[in-house]
Amino acid sequence: MRSTFVFLGLSLLTSVLLLAQPRTKKVKPVYIDKTGTFRWSKDNKEAAFFGVNYTTPFAHAYRAHLALGINPEEAIKQDVYHMARLGLDAFRVHVWDTEISDVEGNLLNNEHLRLYDFLLAELKKRNIKTIITPIAFWGNGYPERDEETPGFSRFYGRGKLTTNDSAIVAQENYLKQFFNHVNPYTKLSYQDDPDIIAVEINNEPAHSGPKDGVTRYINRLTKAIKSTGWIKPVFYNISQGPYYADAVAASGVDGFSFQWYPSGLVSGNTLVGNYLPYVDKYTIPFDSIPAFRNKGLMVYEFDAADILQSYMYPAMVRSFREAGMGWATQFAYDPLAMANVNTEYQTHYLNLAYTPSKAISMLIASKVFHKLPRFKNYGSYPNDSTFDVFRVSYKQALSEMNDEKEFYYSNTTTSKPVNPAKLVNVAGVGTSQVVSYNGRGAYFLDKLDEGVWRLEVMPDAIHIRDPFEKASPGKPVTHIEWNVNQMRINLPSLGADFSVKPLNENNNYTTTAVNQVFNISPGTYLLIQKGKQISSDTYKTGVIGLTEFVAPAAAKKSLRLHHVPLKQVSANKTFALRATVTGLDNGVITVIFSPPNGRSRTLEMVAKSANAYELLVPEDLLQPGVLNYRILVKQDNEYTLFPDAIKENPNAWDSYQVNTWNTFVAAPYTQIDLYNPVDDKAIRTYPVWRRGFQVTTTAGETPGQLVLRLDAADLKDVETMGFQYSFKENVLGRRQELNEFKTLVLRARSSKPVAATITLVNVYGQSFSAPVKITDRFQEIEIPIMQFKAGNSLLLPRPYPGFLPLTFNGGAGKLELQEIEKVELTAGNNFSSVEKERGLTLEVERIGLKK
């Protein structure tokens, strides 16, 4: 008890001393004008900010760094460098008040607060602006259990924090001390720091009770903040509880914050399919509230959760600008030190080293946010896939920016640069007409002078597991290798035979390009035109240091092979069998086939790029039946046999391992499953969750066959009931013959006769639907493909917030089965209110195609 009084006394004394210090002139670098536009106070020009959330000073990220023996300060420096390298200029995170406060709301000057201040100081060096969110409400555990933290949020709980007067008093006390606090690194309070531009009062409040109580709560906390001398804009979350939107708008804040998770959260696996229709528009339903209009709008969190491909961010940002947003911060940038296992938030995954394509997509999204005007509409998908100087493509897994000075691409592209001679900045992954590269990391080219460029090359990132499955510190998902890869650079100012000189510390690699081609290892380099005399001291590189380079060390050398077998392939039609291998310096990789008929055969795989191997399986091995195979890696005299990674020579007399991969080889007349609950688990249902709604898998009428069961006690206030499945991976090996199928077959039953709808969705988001009558007895229902007509489809997983559209209409198009990727079954949308009260059960055994 005595130590508590001593601490409180020191805390009060510190606050008094801080209040007694002479205050500098009030700083308001950014204001919100009468139209809701962010503007710079210095010149009244429009301001826009784009960046990330990042959490190393707090919670799981902080504990993970300590567990790894990594200095959090050094980690923060490295991550902030990468943020700057990606051109980001905005930072936001909900401060874990539960770690830096006590029950009464006194500010605890501890390690978490110190590291937060250190982070703000490092961001300042890179000209990255901050919006502070001082109250998180959350515990500090996820994905672990919450610790017994000292703060008021843990004591009162999220539900009481907005209604209990003692809890509100604690928050007022905390906010007053927090905003009077002086950052020991910048020597500035948050009010006086010009790189802190606004405050968002709290994170995702759980409001309840009367609406006027919500307004009073917001105004009380706003008053507490302004009592410290705060004059910068104040924001409050309006999208978390739409019912209270008018109460939030009636408060005295300057603007409102939103979030967007168009693909939902925590799917537990990588989502496949085209999600661009999900981000066609960010619809705000609050324009009818007079007090909402002309206020500042910000996006405090967004992400294309559980999506590993790199085409989403620029499209999301285009929709943000159309909706009038002036600030957007993705949640959340993974700290470099722990990104190999993705334990922080398994549904999010973004890091320059470990997800290079997504990181370059973020760089491009930043350019989109700063370049596009607010409220401009670019049409509807797919017409809005190309906008201004930007392009996104689901089929190419690509984001791209292409103008005279800048050329950025998140994946291999065939686009021709607008004007190669005028290029100043290039960044990408893969190959373009400017850079040909067979590595798996990102690279950056920045022009310093005529004939002089700065090249930065990241190491290879090899995905070895699904990063969106359940995470663990002992389960790496991405492997880093420092390989020497071949690169070709085609820039007119460099010529064909330029020199390559190292810049970063401990980098001694020097080479010369021959006909634009050279080998390169990770690092930072100067590329110098032949005969050019240089002085590196004169080169200006903005917030990026000329010699800076940050990359994770290579993963511990261990042989790993990642391979996903095709579920089925067409008989007598060759297909590519692919594998990713890490930890292999040299060796031979072969595939040992056991075909349905005939003797086993061994064929050698070919290296296609860094860590990627491929074999075209010959037609004569592909006879109807089951093709079993193993992959053998031979290094000198050591053998490793997969799928079980057994150290064993399969040709030895005592070899007994028999596990194999297997692929079904379909005869020309064989039906094809689009959905079968025996194997296909990753379905998306609607409703997503609701009391009285259950999704189960149970035994069917046929031995070994399972049935998907959707059971709703009632469907009140629900638009429809059903499910959707992306079968893209199921049919990859038979895609060539899909257009030969003429009939869709559904085997299903319902609790009562019901008029349902079966829908097919193609790669462009276009939907084709047909009516189907399901009875209370299992039967195979055949629907001719020619009966499918253009229609709507559900957006599943359900986009969040829930006020965003549930369906998408991609317009009329021609139904080509080779382009279909999803199947959907729905019912109940035409029910009367009485029928909805009675509920519905649907059971599905199989959806397939037959010729």
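The model is predicted, so local features are reported only at pLDDT of at least 70 and side-chain atom pairs only at pLDDT 80 or more, while totals for chains, interfaces and linings use all residues. Residues are numbered from 1 along each chain as its sequence is written, and side-chain values use heavy atoms, with hydrogens and water left out.

I begin with helix 3. Helices here are DSSP runs of H or I with at least four residues, strands are runs of E with at least two, and both are numbered from the N terminus. Helix 3 covers residues 72-85. The expected span of a helix is 1.5 Å times one less than its number of residues. For the 14 residues of helix 3 that gives 20 Å, and the end C-alpha atoms are 20 Å apart, which agrees.

How many residues of helix 3 are buried? The count is 10 of 14, so that the helix is mostly covered, where buried means under 20% relative accessible area, exposed over 50%, and partly exposed in between, with a 1.4 Å probe and protein chains only. Among the buried residues are Pro72, Ile76, Asp79, Tyr81, His82 and Arg85. The cover over them includes helix 2 (59-67), helix 5 (111-125) and helix 11 (356-371), together with strand 3 (49-52), strand 19 (443-449) and strand 20 (452-457).

Both ends of helix 3 have a feature to point out. At its start, a side-chain oxygen of asparagine 71 comes to within 2.9 Å of the backbone nitrogen of glutamate 73. After the helix comes glycine 87, with a positive phi near 75°.

On a 1 Å grid over the protein atoms alone, a pocket is an open set of points with protein on both sides within 12 Å along at least five of seven lines; a cavity is a set where a 1.4 Å probe fits but cannot get out; and lining residues have an atom within 4 Å of a point. Grid points are joined across faces, edges and corners, and a volume is the space filled by probe spheres set on the points. The second largest pocket holds about 620 Å³. It is lined by 33 residues, and those closest to its centre are Ala84, Gly87, Lys367, Tyr408 and Asn425. At least two lining residues come from each of helix 3, helix 11, strand 16 (406-409), strand 17 (425-428) and strand 19. By type, the lining has 15 nonpolar, 7 polar and 11 charged residues; Ala, Val, Leu, Ile, Met, Phe, Trp, Tyr, Cys and Pro count as nonpolar, Asp, Glu, Lys and Arg as charged, and the others, Gly among them, as polar.

Next, the closed spaces. The whole structure contains 5 cavities of 30 Å³ or more. The largest cavity has a volume of about 110 Å³, and of its 13 lining residues, Asn274, Pro277, Val761, Gly765 and Lys822 lie nearest the centre. Strand 44 (754-762), strand 48 (793-794) and strand 50 (820-827) each give two or more residues to that lining. The second largest cavity, of about 40 Å³, has Arg630, Phe642, Asp644 and Gln657 among its lining residues.

I turn now to helix 8, residues 211-226, whose 16 residues reach 23 Å from first C-alpha to last, close to the expected 22 Å. Its buried residues include Val214, Tyr217 and Leu221. The buried residues of this helix pack against helix 7 (165-180), strand 8 (196-200), strand 9 (234-237) and helix 9 (245-249).

Where does histidine 207 lie? It is in the loop between strand 8 and helix 8, and it is buried, at 16% relative accessible area. Its side chain makes a polar contact of 2.8 Å with the side chain of tyrosine 236; a polar contact is a pair of N or O atoms within 3.5 Å, where within protein one must be able to donate a hydrogen and the other to accept it, and residues adjacent in sequence count only if both atoms are side-chain atoms. Beyond four places in sequence, histidine 207 touches Thr162, Val214, Tyr217, Tyr236 and Tyr244, contact meaning heavy atoms within 4.5 Å.

Finally, some backbone details. A cis peptide bond, with omega about 5°, joins tyrosine 142 and proline 143. Another cis bond runs from phenylalanine 331 to alanine 332, with omega near -5°. Asparagine 506 has a positive phi near 65° and is exposed, at 72% relative accessible area.
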